[in-house]
Amino acid sequence: MRPGDADEFPPFLQAKPEGVARAAELLQSGEIVALPTETVYGLAANALDERAVRLVFSIKGRPLLDPLIVHGLGVEFLQDLAEFTPMARELAAACWPGPLTLVLPKRAVVSPLVTAGRETVAVRAPAHSAMRAVLTACQLPLAAPSANPFGYISPTCADHVRASFGGRVPWILDGGSCPVGVESTIVDVSNPAGPPQVLRPGPITAEALTRILGRPVESRKAPAPSATAGMAAPGLFARHYSPRTPLGLLEPGAQPAPPSEGRRVAWVRFHRPAPESALPAHTAVFWLSESGDLAQAAQGLYELLRRLDTAGFEKIWCEAAPSTGLGVALNDRLRRAAGQG
Ligand code: TXA
Ligand code: MG
């Protein structure tokens with residue numbers, strides 16, 4: 001690519017003091033800025049500015065019934081927006097800053113636009129140093145969904161945001177590749193009398209939450225694909241995080257069927273296959289980690305799916321992860337990418 005190519009527009013803000021200061025000023029003046037977090041990039045707006053928040057929904061093509069996460073520096077910063085229950089305080093003390101989102105009773109200052117009319121608000125304190133620097137500089141709560149068009153794969157680097165939105169998101173702070181690579185765990189702790197409920201599995205596992213709280217944590221069952229009203233997390237539609245190329249999920253160890261004449265398929269595996277393993281014809285094999293390390297696989301998953309999505313395959317087959325630890329979150333995203341909710 002040459003400088004000035006359309007693909008290089010817009011230029012990135014750099015995650016250095018000037019870039020951070022500029023991003024903070026832009027947010028204060030009601031602009032939308034794409035920012036890195038440790039999980040994925042977010043499309044951020046001042047959470048207290050309804051006009052800016054509305055713009056986020058429209059740029060992303062996101063239905064207004066799907067609420068946004070509000071990002072802040074920590075409990076002190078976010079307690080003006082959300083009522084921290086005792087369980088929420090315990091989880092925040094153990095996991096923040098980090099990839100855990102807490103669903104809590106909202107305070108009046110939070111617009112129903114942010115929460116899609118709910119009495120709860122989702123809040124999180126991200127760990128990425130550039131994001132924290134912007135939060136420190138602007139001193140605003142930032143409403144930010146993942147910076148992808150609604151339903152598409154989340155972005156894990158600044159290039160992904162630019163590839164999806166071009167000039168429609170003119171401000172992107174380049175903080176490199178996201179170290180975690182899958183979206184935060186969402187846990188509903190809004191009811192002090194009820195059990196905590198994991199609404200979206202993520203990097204902080206249900207077992208880890210149980211250990212921290214010393215009590216069992218429930219996991220939300222997948223909703224019926226058509227059920228949007230009254231769902232605990234309405235954004236968790238059955239088909240989400242999807243490449244345009246059809247994606248199929250394979251049980252670990254299963255092989256994809258050979259493709260029809262003249263077609264090519266991609267097969268994504270969690271670890272490097274043994275050199276002697278036989279390959280089905282017209283199948284290109286990719287692996288996310290040499291040894292099957294799930295953290296490494298998570299970090300590279302969306303990058304690989306985006307790359308394969310533009311490589312002209314008829315189908316992407318992806319092996320399911322072992323369903324322990326981070327594998328639970330990976331399988332949740334893969335099932336949604338395959339439209340199996
Ligand atoms: O890691 C992440 O969480 C990233 C980064 C940018 O922070 N953000 C992210 O946002 O994944 P988004 O908007 O793509 O997903 C947020 C999810 C949606 O499924 C939404 O429905 C759910 O959070 N959510 C937001 N507010 C909620 C609430 N009050 N109750 C239940 N679910 C909520
Ligand atoms: Mg998202």
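# Briefing: core, helix packing and backbone features

Val198 is part of strand E10 (residues 197-200); helices (H or I, at least four residues) and strands (E, at least two) are DSSP runs, numbered from the N terminus. This is a predicted model, in which local features need pLDDT of at least 70 and side-chain atom pairs count only at pLDDT 80 or more, while totals for chains, interfaces and linings use all residues. Residues are numbered from 1 along each chain as its sequence is written, chains are lettered from A and ligands numbered from 1 in the order in which they are written, and side-chain values use heavy atoms, with hydrogens and water left out.

**Surroundings of Val198**
- Val198 is buried, at a relative accessible area of 5% (buried means under 20%, exposed over 50%, partly exposed in between; 1.4 Å probe, protein chains only).
- Leaving out residues up to four places away in sequence, Val198 touches Thr185, Ile186, Val187, Ala206, Leu209, Val217, Glu218, Ser219 and Arg220, where contact means heavy atoms within 4.5 Å.
- Lys221 is 23 residues from Val198 along the chain, and the C-alpha atoms of the two are separated by 9.4 Å.

**Nonpolar cores**
- The largest nonpolar core has 50 residues; such a core is a set of buried Ala, Val, Leu, Ile, Met, Phe, Trp, Tyr and Cys residues joined through side-chain atoms within 4.5 Å.
- Phe84, Trp96, Leu100, Leu102 and Val123 have the most contacts inside this largest core.
- For Leu100, the residues touched beyond four places in sequence are Leu91, Cys95, Val123, Arg124, Ser184, Thr185, Val187, Ile204 and Leu209.

**Helix pair H4 and H8**
- Helix H4 (residues 86-95) packs against helix H8 (residues 206-213) at an angle of about 115°, and their axes are 10 Å apart; axes are lines fitted to C-alpha atoms, for helices over the stretch in contact, and angles run from 0 to 180 degrees between N-to-C directions.
- H4 is therefore roughly perpendicular to H8 (under 35 degrees counts as roughly parallel, over 145 as roughly antiparallel, 65 to 115 as roughly perpendicular and the rest as oblique).
- The crossing of H4 past H8 is right-handed; a crossing is left-handed if the near helix is turned anticlockwise from the far one by less than a right angle, and right-handed if clockwise.
- H4 contributes Met87, Glu90, Leu91, Ala94 and Cys95 to the contact, and H8 contributes Leu209, Ile212 and Leu213.
- The residues of this H4 and H8 contact comprise 7 nonpolar, no polar and 1 charged (Ala, Val, Leu, Ile, Met, Phe, Trp, Tyr, Cys and Pro count as nonpolar, Asp, Glu, Lys and Arg as charged, and the others, Gly among them, as polar).

**Helix pair H9 and H10**
- Helix H9 (residues 294-309) and helix H10 (residues 326-337) cross at roughly 25°, and their axes come within 9 Å.
- This angle makes H9 roughly parallel to H10.
- H9 passes H10 in a left-handed crossing.
- On the H9 side Leu294, Ala295, Ala298, Leu301 and Tyr302 meet Leu326, Gly327, Leu330, Arg333 and Leu334 of H10.
- The contact of H9 with H10 has 8 nonpolar, 1 polar and 1 charged residues.

**Helix pair H1 and H6**
- The axes of helix H1 (residues 17-28) and helix H6 (residues 129-138) cross at roughly 55° and come within 8 Å.
- H1 is therefore oblique to H6.
- The crossing of H1 past H6 is right-handed.
- Val20, Ala23, Ala24, Leu27 and Gln28 of H1 make the contact with Ala133, Val134, Ala137 and Cys138 of H6.
- By class, the H1 and H6 contact has 8 nonpolar, 1 polar and no charged residues.

**Loop residues**
- Gly72 sits in the loop between strand E4 (69-71) and helix H3 (75-78), and Gly72 is buried, with a relative accessible area of 0%.
- Beyond its neighbours within four places in sequence, Gly72 is in contact with Phe77, Leu78, Arg124, Ala125, Pro126 and Leu135.
- Trp96 and Pro97 are joined by a cis peptide bond, with omega about -10°; Pro97 is in the loop between H4 and strand E5 (100-105).
- Ala116 is not a glycine but has a positive phi of about 55°.
- The place of Ala116 is the loop between helix H5 (112-115) and strand E6 (120-124), and Ala116 is partly exposed, with a relative accessible area of 25%.
- Gln139, also a residue other than glycine, has a positive phi near 55° and lies in the loop between H6 and strand E7 (142-143).
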